[in-house]
Amino acid sequence: MKMIKNTLFTKTPIEIGPESGYDNYIMAIESSCDETACAIVKNGREVISNIVASQIKTHAQYGGVIPEIAAREHLESINVVIDEAFKQADMKPEQITAFAGTVGPGLVGCLLVGLNATKSLALVHDKPFIGVNHLNAHLCGNYIDTDLKPPFIALLVSGGHTQIIEVKSYSEQNILGETIDDAVGEAYDKVARLIGLPYPGGPLLDKLAREGNPNAYKLPEAKVDGYNFSFSGLKTAVLRLVKSFDGQELPTNDICASFQECVSSTLVKKIKKALEETGYKQVVIAGGVAANSEIRRKIFDLEKDGYRVCAPPMKYCTDNAAMVASCAYFNTNTFDDVDVEVFSRV
Ligand code: KG4
Ligand code: ZN
């Protein structure tokens with residue numbers, strides 16, 4: 001399907017996407033949580049520049065993201081990352097085909113900063129504006145530097161979402177299942193906090209798990225119908241385990257490894273079921289938790305069964321703007337009205 005976008009003032013129709021027949025350079029901005037990011041991507045797959053300003057250091061002292069502080073930091077960084085993205089690409093705004101930005105889901109105050117910057121750039125330079133869904137963008141991280149084409153099964157695992165998605169074409173998706181309570185990243189962050197690890201807990205828990213015994217503790221795997229998940233019971237089981245040590249030194253590495261084993265095997269079981277039932281031969285993982293070593297290892301093991309497995313490199317797993325640009329190029333489910341408002345949840 002051809003994607004026709006209008007420039008904002010002159011309303012000149014511009015074709016975007018794989019069928020446009022010319023090179024598209026899309027500049028994108030991402031600011032949904034605690035990363036201010038700007039990137040320029042050629043034809044949805046080739047990253048020309050990619051700038052990310054992380055706020056992790058700021059939020060670490062509070063043990064989590066404080067939305068008001070995050071929004072203020074986005075304001076301070078936004079112009080810097082845009083300038084850097086142009087500089088790194090050695091490009092000028094006139095050379096950009098369209099400007100794209102994340103509309104939601106995310107923290108409203110944070111999204112507003114990035115989205116208003118995107119709209120302003122599009123207005124000032126009279127180029128098309130393309131609003132992007134953050135979750136779709138995570139999936140599109142898999143198109144960067146690859147020749148991956150739908151159909152495939154996707155596991156989307158982030159701080160706020162856990163979904164198994166059937167991606168039928170660039171724009172047609174069907175959510176097969178999702179978590180009924182905590183997202184995987186949320187479970188990682190909560191368990192990390194329980195055992196006394198600093199924010200952001202997920203990556204550190206992953207690191208310690210590699211030093212522990214995954215079979216040290218048998219943690220309960222929630223029995224949820226179909227492709228849905230539940231992780232809140234597992235979190236409670238870890239809490240009970242921690243309490244059983246009654247203040248004595250915790251076998252932290254073994255607890256991390258046992259938790260990681262339970263989460264990763266649950267996820268992979270359902271992925272296998274989705275592959276078998278759809279008959280698709282390709283599977284991808286996306287979202288911040290796709291950076292997890294054990295989840296990656298278990299999913300890449302599916303290659304032995306003849307599946308093609310894709311996972312973005314770490315820098316395109318966690319929040320970045322290159323994936324937003326790729327989404328604006330490939331996906332027709334975008335928000336092209338410049339009056340579109342940010343949204344916090346799907
Ligand atoms: O996609 P993302 O950057 O932001 C959201 O849109 O949520 O994901 C952030 C989540 C956090 O919960 C973080 O702890 C988790 O991804 N995460 C990890 C790892 N790296 C990041 N969780 C487990 N293992 C990791 N290596
Ligand atoms: Zn994200």
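Author: Helices are DSSP runs of H or I with at least four residues, strands are runs of E with at least two, and both are numbered from the N terminus. It's a predicted model, where local features need pLDDT of at least 70 and side-chain atom pairs pLDDT 80 or more, while totals for chains, interfaces and linings use all residues. Residues are numbered from 1 along each chain, ligands are numbered from 1 as written, and side-chain values use heavy atoms, without hydrogens and water.

Reader: Which helices supply at least two residues each of the shell around ligand 1?
Author: α4 (134-140), α5 (184-194) and α6 (201-209) do.

Reader: What makes the pair between aspartate 189 and ligand 1 a polar contact?
Author: A polar contact is a pair of N or O atoms within 3.5 Å. A polar side-chain atom of aspartate 189 lies 2.7 Å from an oxygen atom of ligand 1, so the pair qualifies. Glycine 159 gets there with a backbone N or O atom at 2.8 Å from a ligand 1 oxygen. The protein covers 86% of the 550 Å² of accessible area (Shrake-Rupley, 1.4 Å probe) that ligand 1 has on its own.

Reader: How many helices and strands are there in the protein?
Author: 11 helices and 12 strands.

Reader: Why is the protein called as compact as a globular protein of that length?
Author: The radius of gyration, taken over C-alpha atoms, is 21 Å.

Definitions and conventions: Polar contact = N/O pair within 3.5 Å; in protein donor to acceptor, adjacent residues only side chain to side chain. Rg over C-alpha atoms; globule rule 2.2 N^0.38 Å.
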